[in-house]
Amino acid sequence: MSSIYEKYGLKQVINASGRMTILGVSTPSADVVDTVKYGLNHYFEMKDLVNKTGAYIAGLLQVENAVVVSCASAGIAQCVAAVIVKDNDWLLDNLHAAPLSVPHDIVVPKGHNVNFGAPVGSMVTLGGGNLIEAGYSNECSAEQLAAAITPQTAAILYVKSHHCVQKSHLSVEQAAIVARKHGVPLIVDAAAEEDLQCYYRYGADLVIYSGAKAIEGPTSGLVVGKHQYVEWVKRQSNGIGRAMKVGKESILGLTQAIENYLTLEKTSGAQMVEKMMPFIENLNTLNGVTARVVWDAAGRDIARTEIHFDELIVNQRTGDLVQALKKGTIAIYFRGYKANEGIIEADVRSVSADQLHTIFTAIQSLLNGAKNA
Ligand SMILES: *Cc1c(COP(=O)(O)O)cnc(C)c1O
């Protein structure tokens with residue numbers, strides 16, 4: 001395998017940052033890889049494949065309908081297009097050809113108008129929507145969401161993510177009540193979330209997941225929801241969806257990954273803690289370094305190692321350390337959201353015990369270097 005790295009002169013990566021698109025997100029299990037290969041090696045009646053895998057996934061998740069798309073971003077764009085275009089054949093062909101006369105405002109709580117690697121708003125625009133912010137950057141109640149709804153509203157878009165402002169923003173359940181009351185559909189972007197059923201149960205009409213994040217499938221996305229809405233999303237494969245075409249290999253690979261995700265036992269937070277304990281103990285022997293277990297801020301069962309550098313003792317800025325670790329022979333990536341506070345986090349889900357030791361050694365040598373300087 002290292003030959004691919006050699007052939008193209010690529011750097012090996014240790015991914016202690018979690019499911020990051022910039023590093024290739026995740027590494028699917030062997031049977032998902034086999035399924036992808038099977039998909040690549042065979043022909044299918046594609047419409048049949050889309051419908052039957054969708055029905056299979058819907059059965060697994062106990063939702064009305066489902067469809068595999070090329071990624072969650074494509075899911076957002078196609079869901080927006082779906083609620084605007086619906087069954088209209090002319091609009092399917094001409095979504096961006098003329099100003100829209102049908103409702104096309106997409107109401108988003110202001111604190112959800114985030115950049116997840118690309119702006120949510122760009123996906124809304126791709127789908128023909130006009131993004132309308134509800135509430136304020138630090139506050140959006142059910143009433144504030146409702147106040148932004150007009151006859152031009154095509155849907156509410158709720159982004160469930162650690163990227164969003166959590167403080168004083170309404171819940172998915174509350175957004176669903178507002179949507180019902182005003183007769184507009186609720187779309188939930190739950191791209192990186194782990195629960196594939198709850199948002200649908202809370203009353204969302206369409207819920208979008210990223211295939212390679214929590215589910216650890218191939219690059220793909222999943223849209224689940226009410227029957228008619230998902231059918232409208234499927235129609236977009238003859239509209240804007242064609243620019244986001246999903247292959248047979250991804251459809252089959254994601255379907256298998258979802259089945260595994262539901263049936264195989266997941267690594268628990270407690271198991272993550274067990275794996276990271278020797279790493280934490282090693283780090284705590286270093287001068288100026290304090291390491292401890294922290295739990296996911298969004299409440300998921302994920303434990304991470306928080307590493308705090310006393311910048312006066314280690315005599316370098318944490319941000320510089322993070323950069324230096326990326327630039328080594330093996331590129332080591334951490335979660336660096338709090339580097340300006342002297343804190344980084346290691347997500348150990350994709351890191352082996354050996355690799356944790358390699359990380360420790362790399363940190364140790366960078367700090368030693370600083371002390372001798
Ligand atoms: C990752 C992410 C996306 C995009 O998912 P892709 O499958 O990479 O397109 C969208 N929204 C949120 C909140 C995300 O975290």
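Predicted model: local features only at pLDDT ≥ 70, side-chain atom pairs only at ≥ 80, totals over all residues.
Colleague: How many disulfides does the count come to?

Modeller: Zero, taking a disulfide as a pair of cysteine sulfur atoms within 2.5 Å.

Colleague: Is Cys140 buried or exposed?

Modeller: Buried, as its relative accessible area is 0%.

Colleague: And which cysteine sulfur is closest to that of Cys198?

Modeller: Cys164 again, at 15 Å, which is too far for a bond. Cys198 has 13% relative accessibility and counts as buried.

Colleague: Next, Tyr199. Where is its place?

Modeller: Tyr199 is in helix 9, residues 198-201. Tyr199 counts as buried because its relative accessibility is 6%, and the cut-off for buried is under 20%.

Colleague: What is Tyr199 in contact with, leaving aside neighbours within four places in sequence?

Modeller: Its contacts include Lys160, Val172, Glu193 and Tyr209. Val188, Ala190, Ala204 and Val207 are also among them.

Colleague: Changing topic, what is the strand order in the open sheet of seven strands?

Modeller: The order is 2-8-7-6-5-3-4, and the pairing is mixed. Strand 2 (65-69) and strand 4 (130-134) are the edge strands, each pairing on one side only. On average, neighbouring strands of this sheet are turned by 25° against each other, direction ignored.

Colleague: How many bridges join strand 7 to strand 8?

Modeller: Five, and strand 7 (residues 206-210) runs antiparallel to strand 8 (residues 221-225). Within that pair, Ile208 stands opposite Val223.

Colleague: Which strands does helix 10 touch?

Modeller: Helix 10 (residues 227-235) packs on the sheet and touches strand 2, strand 7 and strand 8. Its direction makes about 25° with that of strand 2. Helix 11 (residues 248-263) lies across strand 2 and strand 8, running at about 125° to strand 2.

Colleague: What about strand 12, why is it largely enclosed?

Modeller: Strand 12 (residues 343-347) is largely enclosed by the rest of the structure because five of its five residues are buried. Ile343, Glu345 and Asp347 point one way, and Ile344 and Ala346 point the other way.

Colleague: Which strand do five bridges join to strand 12?

Modeller: Strand 10 (residues 303-309), and the two run antiparallel. Arg304 has Asp347 in strand 12 as its bridge partner.

Methods: Residues numbered from 1 in each chain as written. Heavy atoms only, no water. Buried < 20%, exposed > 50% of the residue type's maximum accessible area, 1.4 Å probe, protein only. Helix = DSSP H or I, 4+ residues; strand = E, 2+ residues; numbered from the N terminus. Pairing = 2+ DSSP bridges. Contact = heavy atoms within 4.5 Å. Axes fitted to C-alpha atoms, helices over the stretch in contact; angles between N-to-C directions.
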